[in-house]
Amino acid sequence: MVFGFLDRAARATPLTLLTEKQFTPWHRKQPARVKNWLKAQGFKPEAGRHIALPGAGGRIERVIVLTGPQPGGWDIADLPSKLPEGAYRIEGALDAPAATLLATGWALGSYRYGRYKKAGSKMAQLVWPKTASRDAVQRIAGAIYRGRDLITTPAEDLGPAELAAEVRAVAAHYGAKCAVIAGEQLLQKNYPMVHAVGRASSRAPRLIDLRWGKPGDPLVALVGKGVVFDTGGLDIKPSSGMIMMKKDMGGAACALGVAEMVMDAGLPVRLRLLIPAVENAIAGNAFRPSDVLSSRKGLKVEVGNTDAEGRLVLADAMTEADSEKPALMIDFATLTGAARVALGADLPALFSNDDGLAEDLLAAGREVADPLWRLPLWHPYGRELDSKIADINSAPGGGYGGAITAALFLERFVGAKTPWAHIDLMAWNRAGKPGRPEGGEPMTARAVYRMLEKKFGKKKAA
């Protein structure tokens, strides 16, 4: 993959990074021509702004970049697309963490989705900062690029089979095992809710199961919602709600991204990735509102709404993940509009039955600027899941606390002793921001990887 870097350049334009406090003393030392240029351009020394200074022969002499009090990855992340084509370098000495953070931001800002449309002008390129960890930057950028590609690709070209093929390719690259249970085999292997949700599509549902790591290491289970397209089923969505539903496999893309980073880093864990991959389509054999479904756990589930299909497929996969008593389990899902109403599109909701795990995730998100916000598993709301004819209702009516009741539904399929976190995310940037272009985004993948990296450490060299 191309991440927007050069090993070296004969002539690279310097990027001068200044905080708002540093700008004033720097400005005092500048010649009149620079001061006049800044004044003529109306440049305001505010974090997030940059300006190119002209030099001899019409060339750019340098670019001034205003950062926050501590330079972060997003400070230069919009420059690949904003600066003229050419080579650039960060001026001054940087310690390894700062250099790696800045380089990661540059890499994420160099992404373009180009499957169907040729790219326009070329982007600016950065000479690798000497102290940056190339492995870390390439690991993170590679996984995020893949996740963005998957989420942005229309369902016509990304069905359950294609999603399984993508996971198989990642597994093969890292020497992992990958098994896929498809179609009627899901019933034979006791994944009835995955089968029920996906059976109406001409593209058979699947459970994708990746395993990696050594037997003695702690087991980390990742589960990602892989609904490649969601019509809403018989409780059909309006066109306005359906237009974005190619992104309903965003949880699977996030989980795969975390798995890829874990394997690439060689973290000393046993990794299990489970992705129920389905298309929630409409046909004569589609599952119906008020149907009672069997589940892998044995609970009978009354279907409250066929448009709440994600929690059904997750429940079967999470039951299987929990059967091996993992050291921790994390599921990722574009699950509820209620979470978006509560927190907006940019801030994924975090639910957890373990305060320590939740705090670790929140801290990691702050550290790598990949935020989450914790919402409560408020158990009194569990009464909303009561069913008169089954063990549990999948989607109670009423419209109150929908993100919480969805999380409480999932909790029923997790053992009481299993540290578990549920992440309800948008998986889409509604508008471009530095390093995060409009389109698919595996939100929280970097935060979860950072948490795992800190918790389990790195494998020692042989």
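Where is the place of D291? D291 is located in the loop between β11 (270-280) and β12 (292-294); strands (E, at least two residues) and helices (H or I, at least four residues) are DSSP runs numbered from the N terminus.

The model is predicted, so local features need pLDDT of at least 70 and side-chain atom pairs count only at pLDDT 80 or more, while totals for chains, interfaces and linings use all residues. Residues are numbered from 1 along each chain as its sequence is written, and side-chain values use heavy atoms, with hydrogens and water left out.

View 1. With a relative accessible area of 17%, D291 is buried (under 20% relative accessible area; 1.4 Å probe, protein chains only). A polar atom of the D291 side chain lies 2.9 Å from the backbone nitrogen of R288. Not counting residues up to four places away in sequence, D291 touches R199, V301, E302 and V303 (heavy atoms within 4.5 Å).

**View 2. The open sheet β12-β13-β17.** The 3 strands are arranged in this order with mixed pairing; two strands pair if DSSP finds at least two bridges between them. Because β12 and β17 (392-393) each have a single partner strand, one side of each is left without a neighbour in the sheet. β13 (residues 300-302) and β17 pair in the parallel sense over 2 bridges, and E302 has N393 of β17 as its bridge partner.

**View 3. The largest nonpolar core.** Such a core is a set of buried Ala, Val, Leu, Ile, Met, Phe, Trp, Tyr and Cys residues joined through side-chain atoms within 4.5 Å. Of its 89 residues, L15, L222, I330, F332 and L452 touch the most other members. Helix α10 (residues 250-265) gives the most to this core, with 11 residues.

Key
Buried < 20%, exposed > 50% of the residue type's maximum accessible area, 1.4 Å probe, protein only. Polar contact = N/O pair within 3.5 Å; in protein donor to acceptor, adjacent residues only side chain to side chain.
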